[in-house]
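Me: Hi! I have a structure open here and would like to talk it through with you. Could you help me find my way around?

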Amino acid sequence: MEQKMKELHKMNMNYDEFSRFFCDAVVEKAGPDASGYVTAVQKPNMYASKALIITMAGRSAAPVIYLDPYYDDYQKNVPIQVLTDHAIKFYTENYIGKEIDTRSFRDFSKMKKCVSCRVIDAKRNAKLLAEIPHRLLLDMAVVYYLAFPGNSAGNTSILVKNEHMKIWKVTEEQLYDIAIGNMVCRKSWRILTIGDILAGFPVTSTDQSRPGIKASMYILTNENLCYGAGNILIPEAMDALAQKFNDDIYVLPSSLHEVIAVSVSAFKDRGVTSLRDMVSDINDSYVSMEDVLTSSVYRYYRTTHELVIAE
């Protein structure tokens, strides 16, 4: 197989050819109990992307290995041997340590503790939203997923789709209440400063900011620094941010993973336009397309606990 990989690396495989060969190569390297297939997976803000699914005998779930970055590296002449080694390493590190019992999956009473939610751009994801339960929040959409802890890389998640709702016989309203209840119960939000992130402080409590130190902006995310923007749905988290400034706050959606909060009073002279330009610049220059939340600026009123698009 290694000799074949060296020979094929010299060829200029197109995306489909690469996908088929890469699947075979990774499965062979994974061992005799492995099988695999390539499928299309809908990602936020993007078209359906090809992904490799490796399944092992006796295992009920597997991480999704997106093929786009591997094909990009192949076109940059990264050896296929290196790419397949990386895919195997990714599979091993992201495999769910505890098996998901498929019978339990059909029993919502056993799954409800895993339900959480995220926010994504509603317009960019109109096609995806047709396939999943959701609710609109301004120009965003609240979507739901099941989070399973236990692997070395953090939580593994499964997006909740309409077919799951039919199996569970639950409504979107019930799903929302359960998801928010779980997030509040777990106290999953984290308030950080940029300095905290740059210094690599461990994310252990809801408010990481150090007492006595005032910052001009704060970051709202979660314990994994992954899909943490959904915590704008938690009034306790938003109130804690506003309390930092003793003021209403502007909320800047820096990505799906976090939002930035600044004091409304601090931007009284510069206005919302300067903040909107800042968000657009961040989206265009620093955030990958799949991680963009929206290009809007939001205002949170601390007395009414209301989030609106700032004008």
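Reply: Happy to! One term before we get to the sheet: two strands count as paired if DSSP finds at least two bridges between them. Also keep in mind that this is a predicted model.

Me: Good to know. How many helices and strands does the protein have?

Reply: There are 12 helices and 13 strands. Of the 311 residues, 46% count as buried. The exposed surface comes to about 16,100 Å², and carbon and sulfur atoms supply 53% of that.

Me: And the sheet, what order do its strands come in?

Reply: The order is β8-β9-β11-β10-β12-β13, an open sheet of 6 strands with antiparallel pairing. From one strand to the next, the twist averages 30 degrees.

Me: Which strands stand at the edges?

Reply: Those are β8 (189–192) and β13. Each has a single partner strand, so one side of each is left without a neighbour in the sheet.

Me: What joins β8 to β9?

Reply: 4 bridges, with the two strands running antiparallel. R190, for instance, has T221 in β9 as its bridge partner.

Me: Is β9 mostly buried or exposed?

Reply: Buried: 5 of its 6 residues are, so β9 is largely enclosed by the rest of the structure. β9 is also joined to β11 by 4 bridges, again antiparallel. I219 stands opposite I260 in β11.

Me: Remind me, what holds strands together in a sheet?

Reply: In general, they pair through backbone hydrogen bonds, either parallel or antiparallel.

Me: Now over to the helices. Which strands does α12 lie across?

Reply: Helix α12 (residues 271–285) lies across β10 (249–255) and β11 (258–263), and runs at about 15 degrees to β10.

Me: Which of its residues are buried?

Reply: V272, L275, V279, I282 and N283 are buried in α12. They cover an arc of only 95 degrees around the axis, so they sit on the same side of the helix. Their cover includes β10 and β11.

Me: Why would residues a few places apart point the same way?

Reply: An α-helix has 3.6 residues a turn, so residues three or four places apart point the same way.

Me: Nice. How does the span of α12 compare with what it should be?

Reply: At 1.5 Å a residue, its 15 residues should span 21 Å, and the end C-alpha atoms are 22 Å apart, which agrees.

Me: Let's jump to V308. Where does it lie, and what is it in contact with?

Reply: V308 lies in strand β13 (residues 306–309). Setting aside neighbours within four places in sequence, V308 is in contact with L138, V297, Y298, R299 and Y301. V308 and V251 are 57 residues apart in sequence, and their C-alpha atoms are 9.7 Å apart in space.

Me: What share of contacts across the protein join residues at least 24 apart?

Reply: 60%, counting contacts between residues at least 6 apart in sequence.

Me: Last topic: which way does phi go for N246?

Reply: N246 has a positive phi of about 50 degrees although it is not a glycine. Most residues other than glycine have a negative phi. N246 lies in the loop between α11 (235–245) and β10, and it is exposed, with a relative accessible area of 57%.

Me: And what about H305, what is its phi?

Reply: H305 also has a positive phi, about 60 degrees, without being a glycine. H305 is in the loop between β12 (298–301) and β13. At 46% relative accessibility, H305 counts as partly exposed, because that class lies between the 20% and 50% cut-offs.

Key:
Residues numbered from 1 in each chain as written. Predicted model: local features only at pLDDT ≥ 70, side-chain atom pairs only at ≥ 80, totals over all residues. Heavy atoms only, no water. Contact = heavy atoms within 4.5 Å. Axes fitted to C-alpha atoms, helices over the stretch in contact; angles between N-to-C directions. Expected span 1.5 Å × (residues − 1). Buried < 20%, exposed > 50% of the residue type's maximum accessible area, 1.4 Å probe, protein only. Arc of directions from axis to C-beta. Areas by Shrake-Rupley, 256 points an atom, 1.4 Å probe, with all protein chains shown as cover.
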